[in-house]
Amino acid sequence: MGGCSFFKSARPLELKDPFRYMAPEGDMRHQVLKRLADEIESLGLEGDIAELGVFRGRFARKIRKLFPGRTFYLFDTFEGFDDGQLALESEKFPHIKADYISQAFKDTSVEAVLAEIGDVEHSRPMEARL
Ligand SMILES: C[S@@+](CC[C@H](N)C(=O)[O-])C[C@H]1O[C@@H](n2cnc3c(N)ncnc32)[C@H](O)[C@@H]1O
């Protein structure tokens, strides 16, 4: 009885890179970022920029392009999540397998991020657990 069999039988996705599908090019985040950049530009606001959680720098590259020449602080552990964070992430994303999350953000480094962004002079990698 009842119409919930689909949900009851739902299993965690086994996509190779589930996060890829959460941030496609041209998605809402990019549009919001562009609007923010335009606003900041039109107000003549000065200052540095930062991203908290850069992983391999894919989104940081977008930020970099919209704010050329500003010092850019790039925060990340550069080694993925610890056990406490893993538990929180698994709660937030129950549809993604826990063992995927545990490995998900390990595959990065300061060098990889700088190579992706391509502006070493104004980049400040900040290895930290926030
Ligand atoms: C989903 S990725 C974000 C990637 C990037 N913002 C993008 O959209 O392309 C999250 C990143 O934040 C890092 N991270 C998550 N919690 C963190 C914390 N408390 N301190 C430092 N880094 C953290 C992870 O290690 C991972 O590299």
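Helices (H or I, at least four residues) and strands (E, at least two) are DSSP runs, numbered from the N terminus. With that in hand, here's one to start with: Asp83 sits in helix H4, which covers residues 83–92. What you're looking at is a predicted model, where local features need pLDDT of at least 70, side-chain atom pairs count only at pLDDT 80 or more, and totals for chains, interfaces and linings use all residues. Residue numbers start from 1 along each chain, as its sequence is written.

**The overall layout**

- The protein chain has six helices and three strands.
- Going along the sequence, they come in the pattern α-α-β-α-β-α-α-α-β.
- Of the 130 residues in the protein chain, 12% are buried; a residue is buried if 20 or more other C-beta atoms lie within 10 Å of its own, exposed if 12 or fewer, and partly exposed in between, with C-beta atoms placed from the backbone.
- Take the contacts in the protein chain with a separation of 6 or more: residues 24 or more positions apart account for 64% of them. Two residues are in contact if their C-beta atoms, placed from the backbone, lie within 7 Å.

**The sheet**

- Three strands form an open sheet in the order E1-E2-E3, with parallel pairing. Two strands pair if DSSP finds at least two bridges between them.
- The edges are strand E1 (49–52) and strand E3 (123–127), each pairing on one side only.
- Neighbouring strands here are turned against each other by 15 degrees on average, ignoring direction. Axes are lines fitted to C-alpha atoms, for helices over the stretch in contact, and angles run from 0 to 180 degrees between N-to-C directions.
- E1 and E2 pair in the parallel sense over four bridges, and Ala50 stands opposite Tyr73 in E2.
- E2 and E3 also pair in the parallel sense, over five bridges, with Phe72 standing opposite Ser123 in E3.
- H3 packs on the sheet and touches E1 and E2, its direction making about 165 degrees with that of E1.
- H6 packs on the sheet too, touching E2 and E3, and its direction makes about 155 degrees with that of E3.
- In a regular strand, side chains alternate between the two faces of the sheet. On E2, the covered face holds Phe72, Leu74 and Asp76, while the uncovered one holds Tyr73 and Phe75.

**The nonpolar core**

- A nonpolar core is a set of buried Ala, Val, Leu, Ile, Met, Phe, Trp, Tyr and Cys residues joined through C-beta atoms within 7 Å.
- The largest one has eleven residues: Val54, Phe55, Ala60, Ile63, Phe72, Leu74, Ile101, Ala104, Phe105, Val113 and Ile117.
- Helix H3 (58–66), strand E2 (72–76), helix H5 (98–104) and helix H6 (110–117) are the elements that give two or more residues to this core.
- Ile63 touches Leu33, Ile49 and Glu51, leaving out residues up to four places away in sequence.

**Around the ligand**

- The ligand is surrounded by 18 residues, and the closest are Gly53, Phe55, Phe59, Phe105 and Leu130. A residue is near a molecule or strand if its C-beta atom, placed from the backbone, lies within 6 Å of it.
- H3 and E2 are the elements that give two or more residues to this shell.
- By type, the shell has ten nonpolar residues, four polar and four charged. Ala, Val, Leu, Ile, Met, Phe, Trp, Tyr, Cys and Pro count as nonpolar, Asp, Glu, Lys and Arg as charged, and the others, Gly among them, as polar.

**Loop residues to look up**

- Phe55 is in the loop between E1 and H3. Its phi is positive, about 50 degrees, although Phe55 is not a glycine.
- Phe55 counts as buried because 20 other C-beta atoms lie within 10 Å.
- Phe78 is in the loop between E2 and H4, and its phi is also positive, near 60 degrees, in a residue other than glycine.
- With 21 other C-beta atoms within 10 Å, Phe78 is buried.
- Asp119 is found in the loop between H6 and E3 and is partly exposed, with 15 other C-beta atoms within 10 Å.
- Asp119 and Thr71 are 48 residues apart in sequence, and their C-alpha atoms are 9.8 Å apart in space.

**Back to Asp83**

- Asp83 has 7 C-beta neighbours inside 10 Å, so it counts as exposed.
- Asp83 and Ser102 are 19 residues apart along the chain, with 8.4 Å separating their C-alpha atoms.
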